Amino acid sequence: MSWGKLLQPDLVLGDCVVHLTPELLQQHEIKGMVLDVDETLVPITEKSVSEHLKGWIDTFKPHTCLWLVSNNISQARIGNIAETLNLPYISGAGKPSRRKLKRAVEAMNLPVEQVAMVGDRLFTDVLAGNRLGMFTILVEPMVDPTMMPPANSVRNIEVWISKMLGATLH
């Protein structure tokens with residue numbers, strides 16, 4: 001498989017994760033979601049989740065298996081966020097490695113193609129999800145607007161490289 005295909009999300013949301021709807025998942029026959037944490041659910045500078053995010057998660061819980069899988073090695077940070085959301089989690093995932101991502105998918109007991117990898121990064125979240133055969137959803141990062149330089153500058157470079165390698169990202 002070409003790098004362009006490996007970096008091509010199945011769905012580019014074009015907005016932050018809270019704009020993803022259960023109806024959109026149903027259209028794509030998605031029954032489970034693996035969610036990245038930092039910059040996908042919570043800005044890296046925040047230690048807790050918003051009430052809005054809690055409500056968004058609660059809309060999916062009745063009909064969607066949910067796991068948090070983060071590259072962040074801070075057990076305290078990711079564990080606290082997972083506990084607040086009442087979700088299982090894996091920290092220190094090492095994405096784009098598939099090993100820990102596969103563990104979360106297997107725990108859902110769903111076919112891998114019915115599980116979405118949702119994240120803000122192409123070279124970690126999308127690449128890992130595509131390598132595993134998941135449905136991949138790229139969301140806009142949740143960033144702290146007071147951070148200088150912008151926290152998503154690495155993502156901007158990833159987008160540029162991915163387009164150069166043939167990903168369309170629209």
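## A walk from helix α5 to the cores

Start by selecting Glu 106, which is exposed at a relative accessible area of 51% (exposed is over 50%, buried under 20%, partly exposed in between, with a 1.4 Å probe and protein chains only). Before going on, note that this is a predicted model, where local features need pLDDT of at least 70 and side-chain atom pairs count only at pLDDT 80 or more, while totals for chains, interfaces and linings use all residues. Residues are numbered from 1 along each chain as its sequence is written, and side-chain values use heavy atoms, leaving out hydrogens and water.

**Stop one: helix α5.** Now select residues 99–108, helix α5 (helices are DSSP runs of H or I with at least four residues, strands runs of E with at least two, numbered from the N terminus). Glu 106 forms a salt bridge with Lys 102, their closest N and O atoms being 4.0 Å apart (the rule: a side-chain nitrogen of Lys or Arg within 4 Å of a carboxyl oxygen of Asp or Glu). The two lie 4 residues apart in α5, about one turn of the helix, and Lys 102 is partly exposed at 43% relative accessibility.

Which residues of α5 are buried? Colour Lys 100, Leu 101, Ala 104, Val 105 and Met 108 to see them. The face turned away from them carries the exposed Arg 99 and Glu 106.

Show β2, β3, β4, β5 and α6 next: the buried residues of α5 pack against these elements (contact means heavy atoms within 4.5 Å). Just after α5, click on Asn 109, with its positive phi of about 55 degrees.

**Stop two: the cores.** Select Leu 20, Met 33, Leu 53 and Trp 56, which have the most contacts inside the largest nonpolar core, one of 32 residues (a core is a set of buried Ala, Val, Leu, Ile, Met, Phe, Trp, Tyr and Cys residues joined through side-chain atoms within 4.5 Å). Apart from this core lies another, of 14 residues, including Leu 101 and Met 108. Centre on Trp 56: not counting residues up to four places away in sequence, Trp 56 touches Val 17, Val 18, Leu 20, Met 33, Leu 35 and Leu 41.

One joins Glu 51 to Lys 54, with closest N and O atoms 2.9 Å apart. Finish at Asp 36, Lys 95 and Asp 125, which salt bridges link in a network.
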